[in-house]
Amino acid sequence: MAKKSEIKLIGTVASPFVNRVQFVLNLKSIEYEYIEENLACKSELLLTSNPVHKKVPVLIHANKPPICESLIIIEYLDEIKPDVHRILPSDPLERADNRFWANYIDNKFFPLYEEMRVTPGKEGKDAIKKRIIEGSVLLEEAFIKFSRGKTYFGGDDVGYLDVVLGCFIAWTKFTEKNNEFKVFDEVRTPRLVEWVKRIWSHEAVKDVIPGNEVLVNFYMMLQKYRPPRAV
Amino acid sequence: MGEVKLFRTWSSPFALRVVWALKLKGVEYETIYEDLANKSSSLLEYNPVHKKVPVLLHNGIPICESLVILEYIDETWNEGVRFLPKDPLARATARFWAKFNDEQVFPSFFRYFMRQGEDQEKAKEKVLENLKFVEEHLKGKKFFDGEVFGFLDLVFGWLVCYPGVINKAINLKLLDEQMFPNLCTWMEQFGDVPVIKETWPDEEALIHKFHKMREGLGIYIYTKLRYEAS
């Protein structure tokens with residue numbers, strides 16, 4: 001009889017926040033049971049595990065109370081298995097710096113993609129493209145600072161910010177195609193362009209990243225349940 | 001342990017939680033007050049991404065975002081009192097509620113304060129809904145983390161002062177002892193901690209500020225919030 005995994009992850013395959021947790025579970029070689037959630041019809045398990053937000057991802061470890069919010073889950077996993085592929089550095093200042101940029105990515109940068117989707121008209125969308133491009137330049141500078149000449153934000157291998165930003169790559173490519181512009185560009189953000197290729201093919205990441213069909217379906221669901229604003 | 005400076009405004013609850021953290025750890029620091037209508041070149045240099053306060057400067061290196069600053073203080077001055085618990089699950093729980101405060105509770109309270117009429121009634125429903133979760137989380141506990149106060153008490157500490165002062169300023173009551181017995185008891189106990197009691201901004205000055213925010217000057221913020229609110 002197969003041993004049931006101690007760790008369960010409730011998620012949806014299109015969610016970059018769920019993907020991010022999966023990257024870390026893979027990097028740390030933590031076995032887990034994945035439970036796919038239909039966000040259009042939320043399960044009893046999700047609603048009782050995350051009554052405050054009713055969102056994914058949710059991590060359930062053995063019989064303990066569930067853990068919600070992807071950045072919080074990542075730190076939890078790092079703390080319960082610190083000896084395998086450390087995600088956050090141990091120095092307090094480096095940790096603060098990493099956390100600051102994770103906040104920026106989650107609260108300022110990535111929401112611009114959704115803002116783009118719901119903003120009507122060319123002028124509105126162009127204004128958001130400009131903000132995304134400005135953000136990409138900040139992220140390129142952050143990459144230079146954190147990587148110190150190496151290939152990942154984390155240095156020689158994937159670290160916290162690689163996971164935090166890396167989960168948005170599929171949606172980045174989708175948004176680029178949908179809006180005919182480049183978020184990461186060879187002239188403006190050359191290092192991030194290279195980094196995207198590297199992350200995309202990393203062992204712990206490549207099988208988790210959703211395919212285009214998944215994104216298209218999710219996009220159609222968003223268009224239906226959260227339609228763009230009227231002009 | 002090096003030179004510490006705190007860039008802050010006199011009235012911000014986010015700055016206060018950093019002040020409490022530094023004082024509780026016995027860290028000596030210099031305060032630099034910022035006028036947000038006229039930001040100093042230092043602030044723009046230390047927080048170029050957000051241009052916001054509070055910013056902690058430790059040995060010339062800036063740390064921004066109050067929750068990030070709190071964890072930095074806890075990890076750097078790590079002998080003696082610790083704010084976050086040791087257990088990873090307890091830490092994850094504390095971080096979850098801290099995020100909930102900063103992303104939901106406080107903004108919903110701010111909206112309630114800034115709106116009028118029917119909009120204000122709707123905003124009130126939302127903030128009450130948020131506070132009910134917090135009330136439930138406090139059940140059976142003296143402080144958020146148990147017998148001793150810590151990280152989450154610092155995060156929610158603004159509740160001890162600001163809603164009460166706003167009520168005095170514009171007669172807008174929020175925390176009812178019948179609806180929120182746990183929160184009200186906690187407010188008394190945490191409010192009694194000397195460091196907390198001694199650092200509130202001047203009440204008269206706050207009342208004056210809240211009046212100004214609701215009148216002319218507040219219209220910009222009101223419009224901005226209304227546009228951004230989900």
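## A helix wrapped by both chains

In this predicted model, the buried residues of α3(B) are covered by elements that include α4 of chain A, along with α1 (13-24), β3 (55-58), β4 (61-64), α4 (88-114) and α6 (151-156) of chain B. Helices here are DSSP runs of H or I with at least four residues, strands are runs of E with at least two, and both are numbered from the N terminus. Buried means under 20% relative accessible area, exposed means over 50%, and partly exposed lies in between (1.4 Å probe, protein chains only).

How many of the eleven residues of helix α3 (residues 66-76) of chain B are buried? Ten of them are, so this helix is largely enclosed by the rest of the structure. Among the buried ones are B:Val68, B:Ile69, B:Leu70, B:Glu71 and B:Glu75.

## Where the chains meet

Let's turn to the interface. Chain A brings 28 residues to the contact and chain B brings 25 residues, with contact meaning heavy atoms within 4.5 Å. Between them the two chains bury about 2300 Å², and 70% of that is on carbon and sulfur atoms. Buried area is the accessible area (1.4 Å probe) that two parts lose on being put together, summed over both. In chain A, the residues that lose the most area to chain B are A:Val52, A:Ile72 and A:Phe100, together 25% of what that side buries.

Seven residue pairs are in polar contact across this interface, both residues at pLDDT 80 or more. A polar contact is a pair of N or O atoms within 3.5 Å; within protein, one must be able to donate a hydrogen and the other to accept it, and residues adjacent in sequence count only if both atoms are side-chain atoms. On the side of chain A that touches chain B, β4 (67-68), α3 (70-80) and α4 (92-109) of chain A each supply at least two residues. The largest share, eleven residues, comes from α4(A).

## Salt bridges between the chains

Side chains of opposite charge can pair when their charged atoms come close. A salt bridge here is a side-chain nitrogen of Lys or Arg within 4 Å of a carboxyl oxygen of Asp or Glu. Seven of them are counted between chain A and chain B.

One pair is A:Arg99 and B:Glu75, at 3.2 Å from N to O. A:Arg99 lies in helix α4 of chain A and B:Glu75 in helix α3 of chain B, so the pair joins two chains. A:Arg99 counts as buried at 7% relative accessibility, and B:Glu75 counts as buried at 12%. A:Glu75 and B:Arg95 also meet in a salt bridge, 3.2 Å from N to O. A network of salt bridges links A:Glu75, A:Glu79, A:Arg95, A:Arg99, B:Glu71, B:Glu75, B:Arg91 and B:Arg95.

## Salt bridges within a chain

In chain A, A:Lys206 pairs with A:Glu203, their closest N and O atoms being 2.8 Å apart. A:Lys206 is partly exposed at 36% relative accessibility, while A:Glu203 is exposed at 60%.

In chain B, B:Glu118 and B:Lys122 form a salt bridge with closest N and O atoms 3.7 Å apart. Both lie in helix α5 (residues 117-137) of chain B, four residues apart, about one turn of the helix.

## Confidence and conventions

The predictor gives the complex an ipTM of 0.94 and a pTM of 0.93. Chain B averages a pLDDT of 91, and 93% of its residues score at least 70; pLDDT is the predictor's confidence in each residue, from 0 to 100.

Residues are numbered from 1 along each chain as its sequence is written, and chains are lettered from A in the order in which they are written. Local features need pLDDT of at least 70, side-chain atom pairs count only at pLDDT 80 or more, totals for chains, interfaces and linings use all residues, and side-chain values use heavy atoms, leaving out hydrogens and water.
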